[in-house]
Amino acid sequence: MTILASLAIPLAGALAIMLAARISDNLRETMTLITSVALAWNVWSLLPAIMAGDRPEIILFEVIPGIEIGFAIEPLGMLFAALASALWIVNSVYSIGYMRGNNEKKQTRFYVFFAFSLAATIGIAFAANLFTLFLFYEALTLLTYPLVSHKGDEKTLRSARVYLGVLLTTSIGLLLPAIIWTYLVAGNGDFTPGGILAGHVEGPALGLLLGLFVFGIGKAAVMPVHRWLPAAMVAPTPVSALLHAVAVVKAGVFTVTKVIVYIFGIEHLFSTPSSGWLLYVAAFTIIAASLVALRQTNIKRLLAYSTVAQLSYVIMAAAILKPLAEIGASIHMVAHAFGKITLFFAAGAIYTASKKTEIGQLAGIGRRMPWTMTAFTIGALSMIGVPPTGGFVSKWFILAGAFQADNYVAIFTIITSTVLNAAYFLPIVFIAWFGRETEGAGPDHGEAPLPIIIALTTTAALTILFFLFNGPVIALEAQIFGGPSS
Amino acid sequence: MSALQAHLPALQVIVPMLTAPLVILVKERRLCWAATLLASFCSLAIAISLCIDVLNGDSIRYLMGSWPAPWGIELRVDTFSALLLLIVNGSSSLALIGATASLDRDIESSRQPLFYAAWLLALAGLNGILVTADAFNIFVFMEISALASYVLISAGPNRRALPAVFKYLIMGTIGATFYLIGVGLIYLMTGTLNIADMALRIQDVADQKAILVAAGFITIGLALKAAVFPMHIWLPNAYTYAPNMVTVFLAACATKVSLYILLRIDFFVFQPNLSGHDFQFSYFLLPMSLLAILIASTVAMFEPNLKRLLAWSSVAQIGYITLGASLVSVAGLTASLLHMFNHALAKGALFLVIACLGISLSHLRIDNIAGIAKQMPWTMAAFVLAGLSLIGVPGTAGFISKWYLITATLEAGSWGPALVAIIIISSLMAVVYIWRIVEIAYFQPADEQAVVSEAPFFLLLSTWIAVALNFYFGLSAALPVELADSAARLLMGQMR
């Protein structure tokens with residue numbers, strides 16, 4: 001029941017937001033907050049049972065013989081749902097500050113589709129089979145379209161077209177055939193520990209199927225299907241922060257990881273050489289995206305390319321095909337989420353307070369916006385992977401997995417990209433704190449509105465806290481392979 | 001009740017056919033509408049009842065006047081005809097619910113009784129084709145429905161409806177004549193018109209040239225009536241200039257019924273008896289289906305007139321249906337029949353949206369709907385959702401048929417992946433032509449002078465029922481899948 005409630009709450013919330021908007025804006029925002037808290041409460045209440053080894057599952061109905069809409073919770077999906085629902089609360093607080101601070105139009109539509117998107121995200125996290133997952137995956141693409149195209153001008157529409165075009169082309173063109181292929185050979189698409197493809201697909205065909213999945217899941221933004229992510233940056237910053245740093249992109253890497261672990265099975269993949277290409281593609285994406293990020297002058301676009309690189313960390317970790325690395329993959333989803341949402345929050349705070357969007361304009365801004373830039377600095381350090389931030393923890397696990405597999409390509413990539421991350425983040429931090437503001441370059445401004453500050457302080461704190469208290473998360477994810485006891 | 005139950009196959013035709021003259025006598029247009037709606041719903045109820053009876057795989061036989069077949073006329077309803085009966089009567093009923101506002105706009109009130117009579121005759125004709133087991137009867141009903149639909153289309157408000165319908169009339173008559181020539185040849189060779197009897201007797205003469213020629217005439221004639229590419233040229237204009245409600249009705253079912261005849265005669269009579277026929281059938285239909293899918297979708301991407309855009313999309317979708325059939329396998333036929341059902345749902349809903357737009361817009365070009373989502377939010381939301389079904393987004397009916405079609409083509413052997421690629425490319429083309437409309441309706445600034453208001457309630461109601469059905473049958477597709485699967489087995493079962 002709680003599973004279905006997790007889907008129903010944001011849907012009901014969307015309705016409530018729509019109705020409340022007719023009465024007053026304050027009531028509408030209250031509804032958003034209530035919905036997000038209720039959702040998080042509901043999702044987190046599932047956690048103890050999952051930690052104890054329970055695997056609740058519910059089959060709703062059969063669409064066509066052999067194909068069901070069903071939900072089942074396992075550690076990976078639990079983590080994703082818990083993460084997205086918790087950050088939605090913070091993000092809602094932030095949204096209120098941002099949308100009001102910038103006098104955005106059509107705010108009701110914004111909040112309604114935000115709630116819808118969260119419902120789709122939860123659906124992805126809890127899906128019990130490929131069909132259900134695909135249903136919500138496509139729903140998430142379509143439901144975020146109104147958020148991306150929010151501004152509605154010609155430039156925005158063009159970007160939104162890229163967004164929709166890339167995501168739909170990959171999912172219909174590659175992911176759907178991959179899913180149908182899986183159902184055809186394995187008879188079902190249920191997520192099963194150990195995978196379902198062993199004995200059905202072997203040799204080069206397995207590598208091909210993996211390719212259809214990885215590039216079909218365009219939300220994971222593995223090059224060359226990453227173009228939609230920078231395009232999505234035309235959306236209002238709260239959308240970029242929660243959806244294009246957490247919900248949507250994590251839905252992508254989550255799906256890839258889930259497919260690798262529960263459809264292919266890591267042992268089956270490991271013993272099939274034709275699947276080895278994935279690691280190299282992910283490694284290439286990490287390095288290439290970091291190099292592109294170096295050349296960006298717009299803050300949000302830089303963050304977008306940084307996200308592309310960080311997502312491929314997860315893919316690469318999953319592709320190492322060792323338990324430790326798979327755990328690292330799931331933890332990196334969390335660590336990156338905290339860090340990147342903080343960075344986006346900071347970018348949005350700067351835009352709200354000063355309308356600045358370019359890196360060159362940031363000189364000396366740390367003195368005007370100390371809270372914001374402190375949070376930005378913490379987020380940047382987490383991206384680089386410096387202790388005491390969350391980014392360090394996940395890198396540790398991925399490196400450990402890479403050593404376990406003697407995978408020197410992965411080790412080399414991690415080291416190189418750490419250097420590159422530092423090369424594009426540290427200069428920003430440096431000029432923001434120590435640079436000299438150009439005279440008369442912009443209006444006099446102070447910090448961003450209070451809700452924004454509250455939100456970004458919270459996520460920055462989470463970034464650090466995750467370094468200190470990550471035990472439960474690791475214990476949860478260790479269950480993917482060992483069951484509750486080990 | 002049970003006495004009535006036995007006569008349902010005959011009533012399926014008789015109810016609309018006898019209501020037609022009544023409607024002319026009534027003369028008051030609202031009463032006419034009510035009578036037509038009632039007859040259509042009765043007919044739908046009969047179709048549903050028949051459908052329930054045949055779901056277990058039996059077929060219902062009915063002897064007109066108790067004359068035994070093959071001397072008397074036999075009616076026969078099986079899962080294949082039941083599926084099509086649902087489509088035909090469902091779309092007629094759905095279109096009629098909201099028809100008044102749209103028809104008042106398109107047709108002067110004094111002519112409306114005649115219009116409704118023609119509608120009922122078209123319905124009776126289509127139903128007749130579906131229930132009869134006699135090849136000549138099919139021809140008679142085909143002409144009844146065709147003549148009635150020429151009248152329906154020529155009632156369109158634009159004078160260009162007349163040349164459009166003339167083209168349709170010429171093409172339709174050629175098609176029907178070809179069919180008649182084919183049936184005549186078979187009658188010469190076998191001495192029977194009953195399809196089941198034909199299938200038995202043709203065995204002795206299957207190697208004769210006359211039979212081969214008959215197969216050719218029948219296939220081409222029906223392909224012409226079904227608008228199989230490249231014999232589709234009558235379709236875009238006929239759909240474009242017909243009254244909006246007529247487009248809803250005919251687009252959802254007219255071509256599909258012609259395909260029904262094609263498949264029924266081909267798989268019952270020719271496939272089991274003519275050597276190498278499956279090969280000829282497949283290689284005739286497959287290339288044309290692929291061309292239809294690709295070329296018609298491309299045209300739709302650039303077409304500025306909304307109705308013609310959707311008409312071109314229909315040509316492409318007919319390509320999907322014939323593609324599935326051309327695989328000559330249970331899976332392929334299931335996909336094909338399922339797509340008849342699902343496409344009727346999606347396209348019916350989309351043409352209903354067009355009818356909603358047509359209430360306040362006199363021109364249905366793509367730039368006329370700039371920013372219209374603000375004034376007509378319900379209409380355009382319905383368009384987006386029905387469009388998703390046409391594209392084949394999961395959760396919608398369109399997705400189910402795409403799933404089956406891709407599964408069937410993947411099983412089809414070495415050609416499979418190439419066919420899958422074409423299906424996918426055309427799905428993406430559908431994204432383009434649907435989203436082009438969505439963007440303009442939602443994001444372009446509206447024309448300030450135009451006075452546009454939301455469509456009337458009943459029209460919106462039937463539109464949203466159609467949209468809801470798209471989602472219902474997208475999430476719970478057991479009924480159409482079962483019907484299509486059983487019908488496909490029936491068709492393939494004849495092959496041994």
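Begin by selecting A:Ile315, A:Met316, A:Phe345 and B:Leu83: of the 397 residues in the largest nonpolar core, these touch the most other members. A nonpolar core is a set of buried Ala, Val, Leu, Ile, Met, Phe, Trp, Tyr and Cys residues joined through C-beta atoms within 7 Å. A residue is buried if 20 or more other C-beta atoms, placed from the backbone, lie within 10 Å of its own, exposed if 12 or fewer, and partly exposed in between. Domain 1 (1-264) and domain 2 (276-486) of chain A both contribute residues to this core, so it lies between them; the domain bounds come from an automatic or database assignment.

The model is predicted: local features need pLDDT of at least 70 and side-chain atom pairs count only at pLDDT 80 or more, whereas totals for chains, interfaces and linings use all residues. Residues are numbered from 1 along each chain as its sequence is written, and chains are lettered from A and ligands numbered from 1 in the order in which they are written.

Next, centre the view on A:Ile315. Leaving aside residues up to four places away in sequence, A:Ile315 touches A:Ala220, A:Val222, A:Val253, A:Val256 and A:Ala282. Contact here requires C-beta atoms, placed from the backbone, within 7 Å.

Now colour the two domains of chain A separately. Their C-alpha centres lie 21 Å apart, and the contact takes 47 residues from domain 1 and 49 residues from domain 2. On the domain 1 side, the largest share, 16 residues, comes from H10(A). Helices (H or I, at least four residues) and strands (E, at least two) are DSSP runs, numbered from the N terminus. By class, the domain 1 side has 35 nonpolar, 11 polar and 1 charged residues. Ala, Val, Leu, Ile, Met, Phe, Trp, Tyr, Cys and Pro count as nonpolar, Asp, Glu, Lys and Arg as charged, and the others, Gly among them, as polar.

Then select H1 (residues 2-20) and H2 (residues 25-44) of chain A, which pack at an angle of about 180°, with their axes 9 Å apart. That makes H1(A) roughly antiparallel to H2(A), a term for angles over 145 degrees. Axes are lines fitted to C-alpha atoms over the stretch in contact, and angles run from 0 to 180 degrees between N-to-C directions.

Finally, display both chains. Their contact takes 21 residues from chain B and 22 residues from chain A. On the chain B side, the largest share, 8 residues, comes from H19(B), and the residues of that side divide into 16 nonpolar, 4 polar and 1 charged.

Conventions: Contact = placed C-beta atoms within 7 Å. Parallel < 35°, antiparallel > 145°, perpendicular 65-115°, else oblique.
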